[in-house]
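Please look at the sequence and the model below, then read on.

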Amino acid sequence: MEASLHFHGVRIPCYSRTPRLSHLSSKPWLSSVASPSRSFHAAMENACKGGSLRGNSEKKRIEAVLRGEEEEEEEEATESHGSDAAPFTCVMKFGGSSLASAERIREIAQLIVSFPDEKPVVVLSAMGKTTNNLLLAGEKAVSCGVSNASEIEELSFIKQLHLRTVRELGIDSSVISAHLEELEQLLKGIAMMKELTLRTRDYLVSFGECMSTRIFAAYLNNIGVKARQYDAFDIGFITTDDFTNADILEGTYPSVAKRLNDDWISDPAIPVVTGFLGKGSKSCAVTTLGRGGSDLTATTIGKSLGLREVQVWKDVDGVLTCDPSICPDAEPVPYLTFDEAAELAYFGAQVLHPQSMRPARDGEIPVRVKNSYNPKAPGTLITKTRDMSKAVLTSIVLKQNVTLLDIVSTRMLGQVGFLAKVFSTFEDLGISVDVVATSEVSLSLTLDPSKFWSRELIQQELDKMEEELEKIAFVNLLQRRSIISLIGNVQYSSLILEKAFHVLLTNQVNVQMISQGASKVNISLIVNDSEAEKCVKALHHAFFESDDLLVVVLESGFGNGSAALLPIET
Ligand SMILES: Nc1ncnc2c1ncn2[C@@H]1O[C@H](COP(=O)(O)OP(=O)(O)O)[C@@H](O)[C@H]1O
Ligand SMILES: N[C@@H](CC(=O)OP(=O)(O)O)C(=O)O
């Protein structure tokens, strides 16, 4: 007997390759899925010239949106996504780990149709480790010579993975063949130029998401679920021009809502959108939102459409009490607030993109972190508030390889404007500060060089910063430090600190700086890199795995629990 599922009220057969939703529209969808967008081709032609995605008219349109001159259109868009007839219910975002092979893609497609009441917008990352491979291929291309560019190992790997996947899914390879050819041309261009600018790097990695979404949309159509592929840079994702780490601009929200709603109204089909990508507002070139940026794409669409929920599907059972590669016994955390999740992500938990909570918090759109390998697991639900009365510690996060800076004023006590001068130096140099502890004449702070500096320039940037600060202070720069962040309810800070310092003392670790942020969800401890993992393991054991300390782990079942620790009533 043929297995079947119901989706949007329509019965569809599992793994059938015959489209069954033709009554939803008279437009032949598959043909447009199969051909890469024209703007993409135009961009490819420009790639080695460092060209942009669109011509002048597009640039003018973006500028007009940014100036607010398309307000009428924006208002309409906002109205339409707020109405009862809103076509979409949620975003379902799948990361690279969920899309590693044809088999995984089949499972994800089945997972999507197994929620018949959902009308999702699907956001996808690149398949498996494709982004890493694209970056490696780009780096190799810089020095390998034009004649060797086609032989780069990572290029062969990317080609094999994508061609094998389309073959195994029964999709025509034309869906991605133009992209694969143009990717090879781009690598030859990089080899010829012997340089890989940040702008070209973004363009290079965009191939990953552009191909995965085309494959997935074609597969959905093949099994009878009508789908439409979108490149985010073509549907209104407007960003700053900070290549490799761009910020989403406000104009994105109404533009994306309008495009997705309008398309659905004229021809209903599940949108399959590239994660991680945008279009620079000035350059009109492809930008990326920073590693792991598809989470941000998902929450941006969630806010843009005012959806009920954003689901981010990973390869773990939700946000865990610690990075499982450090603590294999880490447990899922059932509930988090946006603030907790944002701190956790910002201070290094790879599971969520650091900026991804911002649109969700602004739009009050709940975010659910789920496991695509274990869909029945409840996952983690992230909302604006949660019952914090019993929550003490939620998660432990480690951020390694940070720089600690001790700055002591050369002037006497009471010097006015010392802190202002220090921070204006950072501002002038474009340096981001993470954790700060201060007295009147001295301060300690941590810098995260990986965020703002290209690797080759770190030392020059640090030297410049020292030179500037030494005009007003004694400066001591300490590298290879780690921030251990204790995320939870800082109302219980004495309990958390008492326990944490007991663990650190037992392990003979000296804390070099401590900071409790105004967010009331994070206490940060700075230790040497070399001791950091040992500390995290010991802290996790004490807070989450041990029952001999003065704690009891509350039931952490989804629905009534919280991953909390409480003092035992004595
Ligand atoms: N606190 C944490 N909770 C859950 N996962 C974490 C945590 N810290 C680090 N991770 C890592 O994050 C990974 C999931 O994030 P990511 O690789 O970005 O997923 P995807 O590519 O599917 O979006 C997990 O495999 C896990 O190893
Ligand atoms: N593919 C991009 C964007 C992304 O979000 O990936 P993932 O969801 O697999 O972390 C990256 O690897 O950074």
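Predicted model: local features only at pLDDT ≥ 70, side-chain atom pairs only at ≥ 80, totals over all residues.

## Ligand 2

The residues around ligand 2 are Lys93, Gly95, Gly96, Ser125, Ala126, Thr131, Glu209, Phe276, Arg291, Gly292, Gly293 and Ser294.

Lys93 has a polar side-chain atom 2.7 Å from an oxygen atom of ligand 2. For Glu209, a polar side-chain atom lies 2.7 Å from a nitrogen atom of ligand 2.

## Ligand 1

Ligand 1 is surrounded by 15 residues, and the closest of them are Lys93, Ser97, Asp315, Leu320 and Gln350. Lys93 is also listed among the residues around ligand 2.

Ser97 places a polar side-chain atom 2.7 Å from an oxygen atom of ligand 1. Backbone atoms take part as well. In Leu320, a backbone N or O atom is 2.9 Å from a nitrogen atom of ligand 1, and in Gly96 a backbone N or O atom is 3.5 Å from an oxygen atom of ligand 1.

## Helices H6 and H7

Helix H6 spans residues 130–144 and helix H7 spans residues 153–169. The two pack at an angle of about 145°, and their axes are 8 Å apart. The crossing of H6 past H7 is left-handed.

On the H6 side, the contact is made by Thr130, Asn133, Leu134, Leu136, Ala137 and Lys140. H7 contributes Glu153, Glu154, Leu155, Phe157, Ile158, Leu161 and His162. Sorted by class, the residues of this contact are 7 nonpolar, 3 polar and 3 charged.

## Domains

The protein chain is divided into domain 1, residues 90–314, and domain 2, residues 394–548. Between the C-alpha centres of domain 1 and domain 2 there are 36 Å.

Conventions:
Residues numbered from 1 in each chain as written. Chains lettered and ligands numbered in written order. Heavy atoms only, no water. Axes fitted to C-alpha atoms, helices over the stretch in contact; angles between N-to-C directions. Helix = DSSP H or I, 4+ residues; strand = E, 2+ residues; numbered from the N terminus. Left-handed = near helix turned anticlockwise from the far one by under 90°. Contact = heavy atoms within 4.5 Å. Nonpolar A, V, L, I, M, F, W, Y, C, P; charged D, E, K, R; others polar. Domains from an automatic or database assignment. Near = heavy atom within 4 Å. Polar contact = N/O pair within 3.5 Å; in protein donor to acceptor, adjacent residues only side chain to side chain.
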